[in-house]
Amino acid sequence: MSILALLVKPIVYLGVPAYLIHRLSASSPKAQYYVRLTLYLSTLGLCSAWGAVVSIAMSLAGRRFDVNWVVARSFYALASRVMDIKIEVEGEEHLATWPSVLVGNHQSMLDILYLGKIFPKRASIMAKKELQWTPLLGQFLTASGAVFVDRGNNAKAVRSLAAAGETMRERSTALWLFPEGTRSQRPYHDMLPFKKGAFHLAVQAGVPIVPVICQNYWHLYRKDVFESGVLRLKVLPPVPTTGLTNSDVGALAIRVHDMMVDTLREISDPNAPPPPAPAPDTKASLPASPPAPAPEDVDVPVDAPAIPRPPTPEPEPVQEQEPEPESRTESPTTPPSESFSEESLRRREGSENGAETEEDEGMVLVGRPR
């Protein structure tokens, strides 16, 4: 009898809450959203604790750079079943490129699920310096070889990127980054302009860039909506950086951005609304006023009396001035090809969250879930 009680009690204790949660989630879409969100965050917290244990054990075993791979697969195996979300991957063979810089589109915290599906071996991530001191998560990131960037200090961020490039080449590892720098979830298929940190890193290290694109899942997850379903993921062939210099970083970032946006629209819902048209330039849209005609161009009747004109003053001689000494602080010039290109104008407009600054070069790639 006691053995039967030991078997029945756990089923009752777990079954009743599970039944109540199921009934609550079925009562309304908003209730379903909060129930599924709680389950997702609970799964994430559980795997974070598991990751802290795995990172210690694998570091002692000499497999520090495979920690993320083990924890990512563990999270996907659990969360994909709890949330009933499956991910289909195309081009997964390109992930086995070492060393390399892996870049992906960043829509929301649900991106962690697709990272769980595809995160390769011998790969690390770049994260905010503040996350280094987060309980459990910070210890896990440190033990797994994460690169922490101080976003408020550009000099330190540049040094972190240079050190990361050296480490990638020496250890033949990959580094994962979100070049948009922040979340870009929206109903239409587009991405924010890229920060240049990932591309500076790839060019300085001389390693290829591997773009990873997850379809737009606005229909699946957004505020007050959290559904189950299937997500498509596509990994593009590596983009080489051999022979490029820092002057090529801007064009490289735009080229990879456009490739990823094209792929995003290819694999996402074709019935989604199109991106909004850019706001028209009010100055350019105003009709230009016709120039005032010169006096000799005025059409005067033949029989009209002559109009006396004031004598034209002779121009005063212009005195030559000595050239001013050159200033020590010269403003950087823009190459003609860049100053008039549509792509460079788009880069200067900045993201929806503000213009790009020098501090953004270090880029924050992994943020807190929200």
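Buried here means under 20% relative accessible area, exposed over 50% and partly exposed in between, using a 1.4 Å probe on protein chains only. The model is predicted, so local features need pLDDT of at least 70, side-chain atom pairs count only at pLDDT 80 or more, and totals for chains, interfaces and linings use all residues. Residues are numbered from 1 along each chain as its sequence is written, and side-chain values use heavy atoms, with hydrogens and water left out.

**View 1. Helix 7, tucked in.** Helix 7 spans residues 197–205, and eight of its nine residues are buried, so the rest of the structure largely encloses it. (Helices are DSSP runs of H or I with at least four residues, strands are runs of E with at least two, both numbered from the N terminus.) Those buried residues pack against strand 2 (100–104), helix 6 (154–171), strand 5 (174–177), strand 6 (209–214) and helix 8 (249–267); contact means heavy atoms within 4.5 Å. Just after the helix, G206 takes a positive phi of about 70 degrees.

**View 2. Helix 7 meets helix 8.** On the helix 7 side we have F199, H200 and V203, and they meet V249, L252, A253 and V256 of helix 8. Sorted by type, the residues of this contact are six nonpolar, one polar and no charged.

**View 3. Helix 2, end to end.** Helix 2 (residues 29–60) runs for 32 residues. Just past it, G62 has a positive phi of about 80 degrees.

View 4. The structure holds zero disulfides, meaning pairs of cysteine sulfur atoms within 2.5 Å.

Methods: Expected span 1.5 Å × (residues − 1). Nonpolar A, V, L, I, M, F, W, Y, C, P; charged D, E, K, R; others polar.
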